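Trainee: Please take me slowly through a single part of this model, its fold and its contacts. After that, I would like to hear what stands out in its partner.

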Amino acid sequence: MSRFLFVVPPFVGHINPAAAVAAELTRRGHRVAWAGLPGLVEELAGPDADIHPCEVPRDLRRPPELRGAAALRYLWQDFLAPLAMAMAPGVERAAAAFRPDVIVADQQALSGALTAERLGIPYATSATTSAEFSGALAGMPKVDEWIHGLLAGLRAELGDPARTHDPRFSPDLVLAFTTTALTGESAAPPQTRFVGPALARRPDTTPFPWEWLDPARHTVLVSLGTANTDLGGRFLTECAAAVRERSPHLQAVIADLGGVLEGTWDDTVLAVRRMPQLALLRRASAVVCHAGHNTVAESLLHGVPLVVAPIRDDQPVIAAQLTTAGAGIRVRFGRGDRHAIGAALDAVLTAPEYRAAARRVQESFRAAGGAAAAATHLEEVATPIEENEEVAPTGQGEPGRS
Amino acid sequence: MTTTPTSDATTPLPGAGENAVLAEVTEALHAVLPEIGLEGTAITMDTRFVEDLDLESIDLVTLTGELGHRYGDRVDFPAFFASLELSEIIGLSVGQVVRHIAGCQG
């Protein structure tokens, strides 16, 4: 039995895969605890989760108009760095109270990696998106330098200044919740393990009017994720219009957190605040989304091709991975209208190569092992085979944990 | 009904060399990003890649490749982009790229 402390940022998309891995570790008899924002972690990891509270910056909302490099600067300078500083005392208290064998540090919750290295606790990186090793900044070395400068400052405050590795990548284990069938050639460090998506087993109890789905028509799911409510109005309206123009053979379920479609519920368009996404994916023919890593991965895990309109952060990178893999089409979030969205939908629904490509990624995801594979890799960090030297050898196959 | 196209009087016209480069850059944009729907958008020296054209850094890399094909060794595009600070990438305009190209040719 080993003890794993998960350090997570206050982002749904980062906590969900961690919760799936944590559940698998618990099932195998290990002890799991969390350091993060209590209410959100409890909601996603379950009421029995052992949660050590961390402070987070009060204002979690980024000015929605920021895109591109401006969004990147804000994310690192005005969000991730203050987040690391705010969370660090809570992470340290959690480590003192729980005494973990391994810290599982989300790649964006830098307090996890830095506290671990300062306290000398082994840590693994949980990379819930693959953008950090996509080489997206390869042509802009000064941006990369700027990020490294910021990380060095955080390390001086929170970490072990004697260490030199990039704290976003544990030297022992980086868990990537994707596969190279989607990422293509990547700049991932050799200690990266591609485990594919890790989905929670907890049933999604979000209510849905299943009788609304028309088996004679294709169902399209439209979602801009949980972090883009302020921006999506125009795009969602254009999506609804594109589907309406094709109502004889299409219908759409639209996740409308901001209520811009005012609860539309007619024969062709159903706008809901929340949808049971995984259950709906089994019935869906296509997904339109912002190219958030989790939505893309969940769609492909169900073999469903996508139309993506990346907004910012890792999304343009994930969108490029998707189109390179052949499993979807990119449209412009800011400029894409009903004609562009409609034409892209027509293509992914009628040209068989998109679905075939989605199925290839689906197969690679299934083969990668998901939460179970992630748990096995974490067990290896908790009981490294090399440390046998301290124990008198008693035979082949020690330490025998599998 | 026919309308006579008028030039955008509010934008300072680039110099002759820059004018040709602007046309070339505009063509390169259309060539590599046909899906962007630029028909209704005049590309001027003031057009910003991110805010006005909805391009991402990943698109700029694609554009760099296309411009590289068009200008060959005369302009070192990777070096130009590599020289940009984060604050310069934010708000990068077509004019900055055009002036750089025109400067290399002059």
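Mentor: Happy to! In chain B, residues 24 or more positions apart account for 74% of the contacts with a separation of 6 or more, where a contact means two C-beta atoms, placed from the backbone, lying within 7 Å. This is a predicted model, in which local features need pLDDT of at least 70, side-chain atom pairs count only at pLDDT 80 or more, and totals for chains, interfaces and linings use all residues. Residues are numbered from 1 along each chain as its sequence is written, while chains are lettered from A and ligands numbered from 1 in the order in which they are written.

Chain B has 5 helices and 0 strands, giving the pattern α-α-α-α-α along the sequence; helices (H or I, at least four residues) and strands (E, at least two) are DSSP runs, numbered from the N terminus. Of its 106 residues, 31% are buried, that is, with 20 or more other C-beta atoms within 10 Å of their own; 12 or fewer makes a residue exposed, and anything in between partly exposed.

Now for the meeting with chain A. Chain B brings 17 residues to the contact and chain A brings 21 residues. On the chain B side, α2 (57-71), α3 (77-82) and α4 (86-89) each supply at least two residues, and α2(B) gives the largest share, 4 residues. By type, that side of chain B divides into 11 nonpolar, 3 polar and 3 charged residues; Ala, Val, Leu, Ile, Met, Phe, Trp, Tyr, Cys and Pro count as nonpolar, Asp, Glu, Lys and Arg as charged, and the others, Gly among them, as polar.

After α9(A) comes A:G303, with a positive phi near 70°. In the loop between β11 (286-289) and α9 of chain A sits A:A291, a residue other than glycine whose phi is also positive, near 65°. Most residues other than glycine have a negative phi. A:A291 counts as buried because it has 28 C-beta neighbours inside 10 Å.

Compare A:E262, in the loop between β9 (250-255) and β10 (269-272) of chain A. A:E262 is not a glycine either, yet its phi is positive, about 50°. With 8 C-beta neighbours inside 10 Å, though, A:E262 is exposed.
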